[in-house]
Amino acid sequence: MNDELTVRTKELAGLNDDLRNILESIEMAVIVIDSRMRITLYNGVGQRLLQLNSMTHGMPTIESLEILFGCENLVGPVQQVRKTQLSITIKKEKQGRHYDLTLYPCRSLASEEVTGVVLTIKDITEQFLAEQQIRLSASVFDAANEAIVIADENNRIISVNPAFTEITGYSKSEVLGKGPKILNSGKQTKSFYRNLWHTLEESGCWKGEIWSKRKNGEIYPEWLSISALKEAGGGVSKYVGIFSDIVQSLKAQQLIHQQANFDALTQLPNRNLFYDRLQQAITKAQREQKLFGLMFIDLDGFKDINDALGHSLGDRVLQEVAARMAHIFRESDTFARFGGDEFTVLVPNLESETDMIAPTEKILEAIQIPIQADDHELNITASVGITIYPNDGREAETLLKNADNAMYSAKAEGRNAYRFFTQEMHEKAQRQHRIVNEIKNAVKFERFIVYYQPVVDLQSQRLCGAEALIRWQHPVRGFISPDEFIPVAESLNLIGQIGEFVLAKACDFIAGLNNELGVDLSIAVNFSSLQFVNSSCVDKWLDMINQSGVGTSNFVVEITESLMMSHKEHYVQQLQKLRSQGIKIALDDFGTGFSSLSYLKKLPVDIIKIDRTFIRDILVDSSDASLVESILDIANNFRLEVIAEGVEDEGQAEFLKARSCGYAQGYYYSKPLPEDEFKQFAVGKRFCDKIK
Ligand code: C2E
Ligand code: CA
Ligand code: CA
């Protein structure tokens, strides 16, 4: 009996141990309360949770449970347990702690009678906090002013917030599953997006200003930040884009910029902005070693208009003159209202100081035109002072001060005038300016004449053609060399007109002479590279040549290599067009400039003209002699005709003839001659064939 008891006791102890182990292995708190509301059993989790100890063991614990779960809620179910013997689940939160509480009736095995209640309590604080966090995030997501767009790892949109819809006009359902590309404005370049993705991949985020497109097509600027969210493995799991519409702040910025830098009356840059640009121009000109000009313009007698007719009319006059002057300047110039009736202009990248003259004259002319304001016809003029960087100063203040001084000199000289700061510059400018006006007049009144220099066949010593050379007989200053005025005409854009004048004259003359004398002379005309800038000119020249009756095969176009380097392809195409019509192309001044053999290969050339500087010393300088011999060799290899220029004596002619040079031209045969003298020369010669 005793043995059996011992065995049973052992078994019970074993069961008890098992029960303990089971209880301890449960992650929830398990607490057993008997029908008298005393705690009779609990596991470790329960002990920690309710802070039970040996003192509380077996004590009525309703109080501690009340503290834990709150009074009203607990009393209810426990009473219910007693009465109805049912299990009840409640949830209650207290002071931020969270529990899941389950009550089970505790039954006696013998009678099914409820003897107490088993409480299982699960601490769900963490889950609660996480839920709270999610709720918080969700409300931030919904309430944010910034648009938030979340895309999956394939950059497909999976969520957007209400602000997104407000800013872009797209509802959530319209964008889900799409790429953020639907917002592309097309204003960013491909390389912009490449850089964006590169930064995002490298650093996990990108921030910047970007132009986007709303659903209604409107393009707007936004401030965008994109983050790539990574998984534990390192791959991107989501992209989160947050952006705000910055149209308003940009507009405000622009307004501030406008007010700080522009004049409200004329909308021109103000003194502030002008100073900035002047400083920039100084830095740039210093770096690039360039000249720039500064004009100081002051209206003459403006104060009288203001005093007599009132400020509002004065304002209108200022607006009118500002508008007239604004037309004159290039985009790269800065034209500013410096204050009151003073205007300033910055003209960058001058080739020469005299580049300032043309715009200054235009200003004086434009302002002089009477201004109609109400019933008044106002005659206004201006005085202009000009300074040049770096000649007249290297600092902004100095340049402005000197321009101001120069402006006062112009006023002192009787107004409606301009003055450069230095006397020397002023005189130089005036001189140049005279030439400019005189060239314009010479073109207008056809004061140029064309001379003809014979071209001779070296072997037969017969005349075979002529080169047309322009002459300018100035009524006061006498003969002015083309070397002096052709470059000026080029810079004034008058070379086209002059060139066509020579072309027409020369064709008429030679055609007439060929006809009259029954000969077949060729005529060579010099062309400036600038004449080829406008490609439609070639057709015009061809028309002129054809109409004159000179015949394209008798026409030679003389070009130099110097300027053609700039627009080479364009130039070559036009030469080819001329050549396809039978016209010959001669490369002038060969050996000077950039002459290189590669040109001979690339350019459509028929004739080379050896520069006279090589011919000059051909008999005394052996290196010149061998250079000419080499040129003749090369020409022979390339099957080009050669004309030696500047042949002044018989020795030179014999040297060239002995080396099979085809043609010559120079004072030995004749200087350039006016039409009638050339005709006499031609009559006195026997004729050979034209240049082949
Ligand atoms: P270029 O085309 O090389 O013309 C030859 C120049 O050498 C001419 O000067 C001519 O008078 C001069 N010359 C001729 N034979 C001799 C000589 O034996 N000894 C010396 N010392 N000089 C001689 P010119 O007429 O003063 O012309 C100078 C340059 O002006 C020309 O050089 C040409 O580049 C340009 N030019 C002349 N007329 C025109 C034209 O109608 N249009 C264009 N674009 N340029 C022209
Ligand atoms: Ca020539
Ligand atoms: Ca020449």
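I looked up Asp589 first: partly exposed, with a relative accessible area of 24% (buried is under 20%, exposed over 50%, partly exposed in between, with a 1.4 Å probe and protein chains only). Asp588 is buried at 7%.

I note that this is a predicted model, where local features need pLDDT of at least 70, side-chain atom pairs count only at pLDDT 80 or more, and totals for chains, interfaces and linings use all residues. Side-chain values use heavy atoms, without hydrogens and water; residues are numbered from 1 along each chain as its sequence is written, and chains are lettered from A and ligands numbered from 1 in the order written.

Next, the metal. I find the calcium ion (ligand 3) coordinated by Asp588 (OD), Asp589 (OD), Glu645 (OE) and Glu645 (OE), at 2.1 to 2.4 Å. Donors here are N, O and S atoms within 2.8 Å of the metal, or 3.2 Å for Na, K and Ca; water is not among the atoms, so sites may look incomplete. Asp588 also bridges to the calcium ion (ligand 2), and the two ions lie 4.1 Å apart.

An oxygen atom of ligand 1 sits 2.9 Å from a side-chain N or O atom of Asp588. The protein covers 86% of the 790 Å² of accessible area that ligand 1 has on its own (Shrake-Rupley method, 1.4 Å probe). For Glu467, a polar side-chain atom is 3.1 Å from an oxygen atom of ligand 1.

Last, I searched the whole structure for disulfides (cysteine sulfur pairs within 2.5 Å) and got zero.

Key
Polar contact = N/O pair within 3.5 Å; in protein donor to acceptor, adjacent residues only side chain to side chain.
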